[in-house]
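Here is a short tour of one protein chain. Keep the sequence and the 3D view side by side as you read.

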Amino acid sequence: MEERKKEYTILLLGETGVGKSTWINGIRNYVEYKKFQQAVSEGPKVLIPSYFTYTSRLGITREVRLGEEDDNERQETGKSATKYPRTYVLEHEDFIINLIDTPGIRDTEHGDAINMEAIMSHLSGFKEIHAICILLRPDESRLATRFTYCIKKLLHTFNRDAVQNLKFCFTKTRESNYGPGQTISSLRVLLKELKIDLLETENSFERNTFYFDNEAFRFLVLKNNGIEVTKWEEKSFGHSWDQSVEESFRLFREMMKLKGHSTERTISLNRA
């Protein structure tokens, strides 16, 4: 009898526009393809419809799409692409990952209170969360007006024990040389204010921060749309791919070391 694979659940949180949907599509492909050229040859796997504009070196701008939009996903500037929480299941040869996508924090349409209520309802289908990934851009020099709200709302909603399952995932890091960029200074100030010591030592910093650049996934979408790029650009995208694959599996390894956070107590606290 085949041994049942261990399942892990990751909750994703981040501001509208940080790139959660692209991150999920990227992770799907990093799990599927071990090598960049294999992904180029076989084409991208898409969990969430992808849409963006691409401007070539000659100044030609094109709309690029892959996947069919549905009622839960839309592509409108300034609004969260994800309307309600949804789980995407990634199956690796050794384990299964449940990725819970959520509406962007500070979503202007529904508001955070309604979105958080929907997230709590969605979490009732899971016994544990193994990681709560906060997605950040590396170029946020001021977190006080936006990201601060996200973290404080998180701590207000979840049991304090969930702090140990927090992971900080930086997106679009090619421009910051695959590091946290200027965001890290403001993040450290905020965590110190909230008495969260996840980044205090080099050891804890390495365990809790991860650096992705999902432009490599967008490159696959460009290829799928018949858009060619230069050899230099393709090489650069390949480097982003290797970095993101390495960070994805490092995140998985760190998550697997943690005790899962029970959702039952969190849901009970929010119903009280």
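Is K83 buried, partly exposed or exposed? K83 is partly exposed, because its relative accessible area is 22% and the buried class needs under 20%.

## The model and the chain

This is a predicted model. The chain holds nine helices and ten strands. Of its 272 residues, 54% count as buried.

## Around K83

Now find K83 in the view. K83 belongs to the loop between β3 (61-66) and β4 (86-91). Next, look for D101. In sequence, K83 and D101 are 18 residues apart. In space, their C-alpha atoms are 9.8 Å apart.

## Two helices that cross

Two packed helices are described by the angle between their axes and the distance between the axes.

Which residues meet here? From α1 come T22, N25, G26 and N29. From α7 come F217, R218 and L220. Sorted by class, this contact has two nonpolar, four polar and one charged residues.

## Rings that pair

Aromatic rings pair if their centres lie within 6.5 Å. By this rule there are eight aromatic pairs. One of them is F36 with F219. The ring centres are 5.6 Å apart, and the planes stand at 40°, so this pair is tilted. F36 lies in helix α2 (residues 36-42), while F219 lies in helix α7. The pair therefore ties together parts that are 183 residues apart in sequence. Both F36 and F219 are buried.

Another pair is F95 with F252. Their ring centres are 5.6 Å apart too. Here the planes stand at 70°, so the pair is edge-to-face. F95 is in strand β5 (residues 95-101), and F252 is in helix α8 (residues 231-256). These are distant parts of the chain, with the two residues 157 apart. F95 and F252 are both buried.

Rings also gather in a group. Y30, F36, F219, F237 and W241 form one aromatic cluster. F36 and F219, the tilted pair, both belong to this cluster.

## Charges over rings

Where does the charged end of R218 sit? It sits over the ring of F52, 4.5 Å from the ring centre. R218 also takes part in the contact between α1 and α7.

K6 and Y8 give another case. K6 lies over the face of Y8, at 5.6 Å from the ring centre.

## Two positive phi angles

Which backbone angle stands out at Y178? Y178 has a positive phi of about 55°, although it is not a glycine. Y178 sits in the loop between β8 (166-170) and α5 (183-193). Its relative accessible area is 14%, so Y178 is buried.

K195 is not a glycine either, and its phi is positive, near 60°. K195 lies in the loop between α5 and α6 (202-208). Is K195 buried or exposed? K195 is exposed, because its relative accessible area is 70% and the exposed class starts over 50%.

Terms used:
Residues numbered from 1 in each chain as written. Predicted model: local features only at pLDDT ≥ 70, side-chain atom pairs only at ≥ 80, totals over all residues. Heavy atoms only, no water. Contact = heavy atoms within 4.5 Å. Helix = DSSP H or I, 4+ residues; strand = E, 2+ residues; numbered from the N terminus. Nonpolar A, V, L, I, M, F, W, Y, C, P; charged D, E, K, R; others polar. Phe/Tyr/Trp six-rings, centres within 6.5 Å; stacked < 30°, edge-to-face > 60°. Buried < 20%, exposed > 50% of the residue type's maximum accessible area, 1.4 Å probe, protein only. Lys NZ or Arg CZ within 6 Å of the ring centre and 35° of its normal.
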